[in-house]
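Visitor: I am new to this structure and would like to know what the words used for it rest on. Please show it to me and take my questions one at a time.

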Amino acid sequence: MRPRMALVLAAVVLLLGGVALAPTAYARLVGDDLVAGNGAAERVVVPESTVTGPATLADRPVSVNVDGEFFSWALLDRTTGKISGAPNLTSTSSTESMIKVWIVSDYLRQLGDQEPPADMRQNVVTAIRDSNDDAANALYKAAGGSAGIDRMIAMCGLTDTHPGTVPGYLGWWSFTQMSPRDAVRLGDCVADGTAAGPKWTGLVLDEMSKVRGTVDEQQKRSGGGRWGIIDGLPSSITDQTRVSIKNGWTPLQYDGNWHVNCLAVTDKWSLAVMMRYPTENGLTYGAKVCASVAAQLVTPQQPGTASKAPQQPAGQL
C-alpha cells in the first residue's frame, strides 16, 4: 500500500473466456471500455442489471483490454465445486493483502473456544476492514509466522501456491505467490469453515463484508479496500446475500507494477481477479478491471439452486 515509482510499461491485450454463450440481459464491459493510459479506467461505468429476480455469477466469456503484464481470473461454483476462468488461471502473482483473510482465520482457528486478548480482537477487525499491515503482522506472528503459509496450502488444497521468492523479501506473507485458481479455493476454504473453524468462520465472513474505504483513502500501512468485484455486482446480488471481500494492492518498486488482486465469496460462489500493470495507471484502473470481470459474469439464478453448505451466521467480537 506504499506509493512507489513506476518505470516499466507493458501493453498486453487479453481476451479471456470460454465459448460463446447465448446473449444475456446483463451489459458487457468490453473493447475500449478499458483502454491503456493514465486514468482511463475512470470512464468505465458498471451497468445496472435489467434482469428481474435473483442473480448469481456463472461461467461466461470475459473480454477486457488490460494494459499490463499479467491478468487472470477464476470463478468457483460452490454448489458444484467447478472452477472456470481464464486460460492462465493457474499462473501466479503476489497475494499482497488478499492473504490477510487466511492470516486472520489461521490465528482465530488456533484459539479454539478461547477469546482473543483485547488488542488482538482489534487486530482481527482492522486487518480485514482497513487492511492494516501492522495488525496483520501481529496476527501472523502469533499464529506461527511462515508455517501458516504451509498450513494454508495443505488445509485449503492449494496446488499452485508457494512462498514468495522476491530478492530481499523472502518469507514476507505479502509476496506469497498464488494463482486465481487457488485464490478462489482460499475463498471457499474461509467460507466453508475450514480456515477459521466453527466458532470463528461467521466472524471472518462478516468482517469481510464490512471492508471499508475507497481507492482514494490510502495510508502508509493501511488503506480503503471496498472496491473492485463488489462494484460490479447488481443490487439483486448485494441486497440478497452477504458478499465477503478482501482485496490486495501494492505498487512495487522492484518491477514498476501495481500488484492488484480482488477476492469475493458468497454462499454460492468465489471469484478472484489478479493482475500486474504499470503503476502510472493508478489503483483505480485495477479496481475497475475487477468490477468489469464481475459484471460480465452476472447471470440470472437458476431455480432450485442451493449452496454447498449453510451460510455461516455473522460472528461478534
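**Terms and values**

Guide: Val298 sits in strand β11, which covers residues 298–300. Strands (E, at least two residues) and helices (H or I, at least four) are DSSP runs, numbered from the N terminus. The model is a predicted one, in which local features need pLDDT of at least 70 and side-chain atom pairs count only at pLDDT 80 or more, while totals for chains, interfaces and linings use all residues. Residues are numbered from 1 along each chain as its sequence is written, and side-chain values use heavy atoms, with hydrogens and water left out.

Visitor: Why is Val298 called buried?

Guide: Buried means under 20% relative accessible area, exposed means over 50%, and partly exposed is in between (1.4 Å probe, protein chains only). Val298 has a relative accessible area of 1%, so Val298 is buried.

Visitor: How many of the residues of the protein count as buried?

Guide: Of the 317 residues, 57% count as buried. The protein has eight helices and 11 strands.

Visitor: What does pLDDT say about the protein?

Guide: pLDDT is the predictor's confidence in each residue, from 0 to 100. The protein averages 83, and 76% of the residues score at least 70. Over residues 2–47 the pLDDT is below 50, and this stretch has 120 contacts in the model beyond near neighbours in sequence. A contact means heavy atoms within 4.5 Å. Residues 305–311 also stay under 50, with 12 contacts beyond four places in sequence. Where pLDDT is low, the predicted coordinates should not be read in detail.

Visitor: What makes the length of helix α2 agree with its number of residues?

Guide: The expected span of a helix is 1.5 Å times one less than its number of residues. Helix α2 has 12 residues (118–129) and should therefore span 16 Å; its end C-alpha atoms are 17 Å apart, which agrees. After α2 comes Ser131, whose phi is positive, near 50 degrees.

Visitor: Which elements do the buried residues of α2 pack against?

Guide: They pack against α1 (100–111), α3 (133–142), α6 (201–209) and β8 (244–252). Among the buried residues of α2 are Met120, Val124 and Ile128.

Visitor: Why does Asn123 count as buried?

Guide: Asn123 has a relative accessible area of 16%, which is under the 20% limit, so Asn123 is buried. Asn123 is in helix α2. Leaving aside neighbours within four places in sequence, Asn123 is in contact with Ala135, Ala138 and Leu139.

Visitor: How do you know that Cys156 and Cys189 are joined by a disulfide?

Guide: A disulfide is a pair of cysteine sulfur atoms within 2.5 Å. The sulfur atoms of Cys156 and Cys189 are 2.2 Å apart, so the pair meets that limit. Cys156 lies in the loop between α4 (147–155) and β7 (177–178), and Cys189 in helix α5 (residues 180–191), so the pair ties together parts that are 33 residues apart in sequence.

Visitor: How many disulfides does a search of the whole structure find?

Guide: The search finds two. One of them joins Cys262 to Cys290, with 2.2 Å from S to S. Its 90 degrees about the S-S bond go with a right-handed link. Cys262 lies in strand β9 (residues 257–265) and Cys290 in helix α8 (residues 283–297), so this pair ties together parts that are 28 residues apart in sequence. Cys262 and Cys290 are buried. With bonded cysteines counted along the chain, the pattern is 1-2, 3-4.

Visitor: What makes Trp172 and Phe175 a tilted pair?

Guide: Rings of Phe, Tyr and Trp (its six-membered ring) pair if their centres lie within 6.5 Å; planes under 30 degrees apart count as stacked, over 60 as edge-to-face and the rest as tilted. The structure holds four aromatic pairs. In the pair of Trp172 and Phe175 the centres are 6.0 Å apart and the planes are at 45 degrees, so the pair is tilted. Trp172, Phe175 and Tyr254 form one aromatic cluster.
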